Amino acid sequence: MVESETSQMDSVFHALGDATRRRMLRDLAGGERTVSQLAEPFAMSLAAASKHIKALENAGLIRREVRGRTHLCRLEPGPLASAHQWLGFYERFWTNRLDVLERLLREEDARKARDDSRKSPNSKEGDDQ
């Protein structure tokens, strides 16, 4: 079960690792498209577009339906939710780390401000002579 989920997640991130496929997914978020419509914004053949679509299908991110000679593609957002959940762990991790850093920097700034206010306003560096 876990190995299957890992394989699915690997396929999703592989599919999302390519800008062309990410653009195709974004286009599919607006509704179903034909393979020709998905290939249109790119300087590529229908065969090349089909390879990208196959990678998206293998990841479970789209579903292709054949109607006559037309291949229609539809977004399947479920696997994106799993990827989002996985990334959410790291978002929380880094948010917590950055919050700690911010707190430390604010404490350092406050300490410096206290130290500066303790210095006599009339004393200047080099007045020791």
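## Thr 34 and its strand

Leaving aside neighbours within four places in sequence, Thr 34 is in contact, meaning heavy atoms within 4.5 Å, with Thr 70, His 71 and Leu 72. Thr 34 lies in strand β1, residues 33–34, where strands (E, at least two residues) and helices (H or I, at least four) are DSSP runs numbered from the N terminus. With a relative accessible area of 17%, Thr 34 is buried; buried means under 20%, exposed over 50% and partly exposed in between, with a 1.4 Å probe and protein chains only.

## Basis and confidence

This is a predicted model, in which local features need pLDDT of at least 70, side-chain atom pairs count only at pLDDT 80 or more, and totals for chains, interfaces and linings use all residues. Residues are numbered from 1 along each chain as its sequence is written, and side-chain values use heavy atoms, with hydrogens and water left out.

The chain has a mean pLDDT (the predictor's confidence in each residue, from 0 to 100) of 88, and 88% of its residues reach 70 or more. Confidence is lowest in α1, with a mean of 82, and highest in α2, at 96.

## Helices α2 and α4

The axes of α2 and α4, which are lines fitted to C-alpha atoms over the stretch in contact, with angles from 0 to 180 degrees between N-to-C directions, come within 10 Å and cross at roughly 75°. The two helices are therefore roughly perpendicular, a label for angles of 65 to 115 degrees, whereas under 35 counts as roughly parallel, over 145 as roughly antiparallel and the rest as oblique. Where they meet, Thr 20, Arg 21, Met 24 and Leu 25 in α2 face Ala 49, His 52, Ile 53, Ala 55 and Leu 56 in α4.

Arg 22, also placed in helix α2, is partly exposed, with a relative accessible area of 41%. Leaving aside neighbours within four places in sequence, Arg 22 is in contact with Leu 16 and Gly 17.
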